[in-house]
Amino acid sequence: MAINQLSIFVENKEGKLVTITDSIANAGIDIRALSVADTQDFGIFRLIVTDPQKAKEALESSGCFVSITQVVGVSIPDEPGSLAKIVNILARYNINIEYMYAFIAVSGKEASVVLRVEDNNAAEKILIENGVKLLEEKDIIAL
Amino acid sequence: MANRYFQPEQETMPLEDIQKLQSEKLVKQVKHVYDNVKYYRDLMDAKGVKPEDIHGIEDLHKLPFIKKDDLREAYPYGLLATDLSDCVRIHSTSGTTGKRVVAFYTQHDVDMWEECCARAIVAAGGDENDVCQVAYGYGLFTGGAGLHGGSHKVGCLTLPMSSGNTDRQIQFMMDLNATILCCTPSYAAYIGETLKEKGLKPEDNKLKAGIFGAEPWTEEMRHDIEKSLGIKAYDIYGLTELSGPGVSFECQEQKGMHINEDHFIAEIINPETGEVLPVGEKGELVFTSLDKEAFPLLRYRTRDICVLSREKCSCGRTFIRMTKPLGRSDDMMIIRGVNVFPSQIETVLLNCGYTPNYQIIVDRVNNTDTFDINVEMKEEDFSDIPVGITNREKELQNAMKAMLGINPKIHLVAPKSIARSEGKAVRVIDKRKRLGINV
């Protein structure tokens, strides 16, 4: 059920970002969402793309250091209070969120949220039980 | 100012007398070493030299060299030339692969060393009316103990501060009217900056002189320190293997360091061939300790490249002068006064499961050495969460600190991202060179 996120190590050096964006562009891959974690020395790029495997290969062949991380994707109505609802559910079950980021689909009716938790299966189970709609890989491509 | 000496008879001895004294002491020392140190006896036998072949300094070149590797191999007691019961002290250098160099001292050796430091203090204008703040590290490092002992011998009021705790250093300096400061030049510069931050002007302190050594520094740095502290800054040179600081020291001329020739014979050799070069030529500095009882070294290769000068000095000292080291013939770095070998860094990396593919970047910012190491992370250590990586960096930094005695800043980089080279890898980028520092 979980979706694949690319996690890319980016040294804080000139030209590093260009390498990443260029190799994804050249491989004809769409970026659906991204978030960046940064420290003084390096950043970690987290990307949701249409074809994670192909993107990984393209990035690696241009010298990037990439790993695939499984994250939970959920689809929520684009209206006040819907993000609060899922965060509350997870808090109630003591599931810690390491990080999260969200994006709105073109339709504008729904928003997608990417959640990084320790135990994907447990989080997914709880979210389903509470009526939250989960995203699958094919949903990402279709967005 | 009249010239003053701690031991005028020795320090102004005519050259012929120095050489006669050196010859007498050398003959005795070679016999002492040959009789009491098997390691040396084997080295000499292998070269076919017997103590009877050494009649004076003209025969010095017949003796084998001894190198740092020998000292490590002989660790801990292999080069000890007296009974342990005659020894009163050890000091030690930081060492590679966990093997340090330990030097032993009898009371005679300690006295001789402290006298050398006392000469340096007097040459910097010190006497019994001075308050001498010793801010070199105390402990296994020779800096603190050497200048501390020297200060006692001169009769200064000694402030045994050790290094660090700059606020306290400044408080004592101001409250107790310190007149002489002894520490590494980078620490002196740091104290100067801190004084300025506190709104204190150079004329607010009573310091008149500083005795700074244990790391490379430049004339520009001397100028900065002299300005920020309102003092004259003197260089001092030494090696733990030979005793510690005070093997040579600067006088008010500040043009090279006088080598205490009554205790040490200096030679300059071609580091490639071992051939002895005439005075005035640039080469590797080699020392023979003439008076050490417990840990005497004959023809010890320092790896420091420098030039000697017999030019007459206005201070009246007849001892030969050496330039600051102009470089090194090995890969040792001196960072914040501590000797660091790339091989030590390699050892830590291998012990911690990293590839020995790394890059050391040394620079000097605001007169303080910066020390960064880029290391390729292990694939399994990469995660999408930065703290996982920064924790690994901290662990590695602690392991480095335990081996080196100083803290590098570790930067984990992507696997296979540090350039491999065919021949000699560029492991060290020493940016201090751009400042004209001879590293």
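Predicted model: local features only at pLDDT ≥ 70, side-chain atom pairs only at ≥ 80, totals over all residues.
Let us begin with the overall build. Chain A holds five helices and seven strands, and from the N terminus on its elements follow the order β-α-β-β-α-β-α-β-β-α-β-α. Its radius of gyration is 16 Å, close to the 15 Å that the globule rule gives for 143 residues, so chain A is as compact as a globular protein of that length. Chain B has eleven helices and 22 strands. Here the radius of gyration is 22 Å, close to the 22 Å from the globule rule for 439 residues, so chain B too is as compact as a globular protein of its length.

| Chain | C-alpha span along the principal axes | Buried residues |
|---|---|---|
| Chain A | about 45 × 30 × 25 Å | 28% of 143 residues |
| Chain B | roughly 75 × 60 × 40 Å | 47% of 439 residues |

In chain A, residues 24 or more positions apart account for 67% of the contacts with a separation of 6 or more. For chain B, the corresponding share is 67%.

**Strand β6 of chain A**

Which strands pair with β6(A)? One is β4(A), residues 65–77, which runs antiparallel to β6(A) and is joined to it by six bridges. Within this pairing, Ser75(A) stands opposite Ser112(A). Another is β5(A), residues 97–104, also antiparallel to β6(A), with seven bridges between them. There, Met100(A) has Leu115(A) of β6(A) as its bridge partner.

**Two domains in chain B**

The domain assignment divides chain B into domain 1 (8–329) and domain 2 (334–435). Their C-alpha centres lie 30 Å apart. The contact between them draws 15 residues from domain 1 of chain B and 16 residues from domain 2 of chain B. On the domain 1 side, the elements giving two or more residues are β1 (87–96), α8 (185–197) and α9 (219–229) of chain B. Helix α8(B) supplies the largest share of that side, four residues. By class, the domain 1 side has five nonpolar, seven polar and three charged residues.

**The nine-stranded sheet**

One open sheet of chain B has nine strands in the order β4-β3-β5-β6-β7-β8-β9-β15-β14, with mixed pairing. Strands β4 (157–160) and β14 (308–309) of chain B stand at the edges with a single partner strand each, so one side of each has no neighbour in the sheet. Towards the β4 end of the order, β3(B) (131–134) and β5(B) (180–183) pair in the parallel sense over three bridges. One residue pair here is Cys132(B) with its bridge partner Ile180(B) in β5(B). Helix α5(B), residues 107–123, packs on this sheet and touches β3, β5, β6 (209–213), β7 (232–239) and β8 (244–250) of chain B. The direction of α5(B) makes about 30° with that of β8(B).

**The four-stranded sheet**

Another open sheet of chain B has four strands in the order β21-β20-β19-β22, again with mixed pairing. Its edges are β21 (409–413) and β22 (428–430) of chain B; each has a single partner strand, so one side of each is left without a neighbour in the sheet. Neighbouring strands of this sheet are turned by 20° against each other on average, direction ignored.

Strand β19(B), residues 358–365, runs parallel to β22(B), and three bridges join the two. Among the residues involved, Ile361(B) has Ile429(B) as its bridge partner. Two helices pack on the sheet. Helix α10(B), residues 342–351, touches β19, β20 (368–376) and β22 of chain B, and its direction makes about 130° with that of β19(B). Helix α11(B), residues 386–404, touches β20 and β21 of chain B, at about 135° to the direction of β21(B).

**Where the chains meet**

How many residues does each chain give to the contact between chain A and chain B? Chain B gives nine and chain A gives 13. On the chain B side, the elements with two or more residues are α11 and β21 of chain B. That side has six nonpolar, two polar and one charged residues.

Note on methods:
Residues numbered from 1 in each chain as written. Chains lettered and ligands numbered in written order. Pairing = 2+ DSSP bridges. Axes fitted to C-alpha atoms, helices over the stretch in contact; angles between N-to-C directions. Contact = placed C-beta atoms within 7 Å. Nonpolar A, V, L, I, M, F, W, Y, C, P; charged D, E, K, R; others polar. Domains from an automatic or database assignment. Rg over C-alpha atoms; globule rule 2.2 N^0.38 Å. Buried ≥ 20, exposed ≤ 12 C-beta atoms within 10 Å, placed from the backbone.
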